Amino acid sequence: MRVGGVQIGGGAPVSLQSMTKTHTTDVKATIAQIKELEDLGCEIIRVAVPTRESASCLGEIKKQIRIPLVADIHFSHRMALDSIAQGVDKIRINPGNMKDKDDVEEVVRAAKDKGVAIRIGVNSGSIRARGEEDVPIADLMVNAILRYCEHFESLGFRDIVLSLKASDVPTSMAAYRRIAKECDYPLHLGITAAGPASSSIMKSAIGIGGLLSEGIGDTLRVSITGHPTEEIKAGRGILEALGLREVEGWELISCPTCGRCEIDLETIVEEVKAKLPPEKQGLQIAIMGCAVNGPGEAQECDLGIAGGHGFGLLFKRGEMVRKIPESEMVTQLLKEIDEMSAATNGGSGQ
Ligand code: SF4
């Protein structure tokens, strides 16, 4: 399916999403935040639509951004209808939050008329057991979303993306694994209410990353209590770690150090990292503490150092080229990086 200019599912690359944290009625601030996210690689952006006034701002926001715009709707079908009329590319609703079946059907028909996709998003917090207290929450989520899909399909609507987010990783993973077996709609992955960056990145890397590694998922958002740019960086990091995106910038590989390390590896890594030129198409650089794993890792990277007793062996594209004293490691490595970067990217690395 397509959301604006972005293909979701059907073998398309997994797309990165985020959500603005501004008040949508503050059009200027919302557009500024979206542009910042676009520059970082955000491919689909969602904005909250808590009032009809905020829905009325969507057309203006859409005009000024490059990526597809998604309206996040809860409770009121009126706001969904307004958002569709404003020209959004997708709406996100939880049909269970709309009291009247007729209201849901009105929204689905409007979306169908305008070619607007709908994400059906079920969160664990919105599920009520109602006599099914013994059924695992993941199954309740899947059962609910399958009922919504059937309802939408009965109206001839299949332009659907699904999400089943829980704040705990095992529940989310169980729900997504089951829905992936039950239907072939594209899946939007996420762990909801995952907390600040420190806990969200951990939960999302395991939950979203684990599902992607099993071939489940078509688009993702990492939810972080913090600036949305952190969500894009974290999402991109997950895709890069799984080999689903080319690594942007430099990939720095360094060991954790241990009692065998005879150089101040932590300082060397920090200094090199701080001075790396801002490349778009980066190289792999290994900085390793000793001869145990050092030469192997260094040989596999574009550039690498394997530490010894106050010195390091420098490797270039698999070949050991010379021995460098510890005091010169940072400067010599940066010089080599600059030269290799200039040759690889066709210009000076600085
Ligand atoms: S490479 Fe050497 S120093 Fe680094 S963690 Fe491994 S054994 Fe320790």
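A residue is classed as buried if 20 or more other C-beta atoms lie within 10 Å of its own, as exposed if 12 or fewer do, and as partly exposed in between, with C-beta atoms placed from the backbone. The structure described here is a predicted model, in which local features need pLDDT of at least 70 and side-chain atom pairs count only at pLDDT 80 or more, while totals for chains, interfaces and linings use all residues. Residues are numbered from 1 along each chain as its sequence is written.

Of the 350 residues of the protein chain, 42% are buried. The C-alpha atoms of the chain fill a box of roughly 75 × 50 × 30 Å along the principal axes. The secondary structure comprises 12 helices and 15 strands; helices (H or I, at least four residues) and strands (E, at least two) are DSSP runs numbered from the N terminus. Among the contacts with a separation of 6 or more, 62% join residues 24 or more positions apart, where a contact requires the C-beta atoms of two residues, placed from the backbone, to lie within 7 Å. The domain assignment gives domain 1 (2-241) and domain 2 (251-345), the bounds being taken from an automatic or database domain assignment. The C-alpha centres of domain 1 and domain 2 lie 41 Å apart.

Strand S12 (residues 284-288) has four of its five residues buried, so S12 is largely enclosed by the rest of the structure. Strand S11 (residues 251-254) runs parallel to S12 and is joined to it by four bridges, with Glu251 opposite Gln284 in S12. S12 also pairs with S13, in the parallel sense and over four bridges. Within this second pairing, Ile285 has Leu303 of S13 as its bridge partner, and Met288 stands opposite Ala306 in S13.

Strand S13 (residues 303-307) is mostly covered, five of its five residues being buried. In a regular strand the side chains alternate between the two faces of the sheet. Leu303, Ile305 and Gly307 point one way from S13, whereas Gly304 and Ala306 point the other way, and all are buried.

Helix H10 (residues 265-275) has the buried residues Leu265, Ile268, Val269 and Val272. Seen down the axis of H10, these buried residues fall within an arc of 95°, so they line one face of the helix; the arc is that of the directions from the helix axis to the C-beta atoms. An α-helix has 3.6 residues a turn, so residues three or four places apart point the same way. The face of H10 turned away from the buried side carries the exposed residues Thr267 and Ala274.

The residues around the ligand are Cys255, Pro256, Thr257, Cys258, Arg260, Cys261, Met288, Gly289, Cys290, Val292, Asn293 and Gly294; a residue is included if its C-beta atom, placed from the backbone, lies within 6 Å of the molecule. This shell divides into seven nonpolar, four polar and one charged residue. For this division, Ala, Val, Leu, Ile, Met, Phe, Trp, Tyr, Cys and Pro count as nonpolar, Asp, Glu, Lys and Arg as charged, and the others, Gly among them, as polar. Asn293 is found in the loop between S12 and helix H11 (294-300). Asn293 counts as partly exposed because it has 14 C-beta neighbours inside 10 Å. With residues up to four places away in sequence left out, Asn293 touches Cys255 and Met288. The C-alpha atoms of Asn293 and Glu231, 62 residues apart along the chain, are separated by 33 Å.

Ile118 lies in strand S7 (residues 117-123). Ile118 counts as buried because it has 26 C-beta neighbours inside 10 Å. Not counting residues up to four places away in sequence, Ile118 touches Lys90, Ile91, Ile93, Ala111, Asp159 and Ile160. Ile118 and Val161 are 43 residues apart in sequence, and their C-alpha atoms are 6.4 Å apart in space.

Most residues other than glycine have a negative phi. Ala193, which is not a glycine, has a positive phi of about 45°. Ala193 is in the loop between strand S9 (188-189) and helix H8 (197-213) and is partly exposed, with 16 C-beta neighbours inside 10 Å. Arg317, also not a glycine, has a positive phi of about 40°. Arg317 is placed in the loop between strand S14 (311-316) and strand S15 (319-325), and with 13 other C-beta atoms within 10 Å it is partly exposed.

Conventions
Two strands pair if DSSP finds at least two bridges between them.
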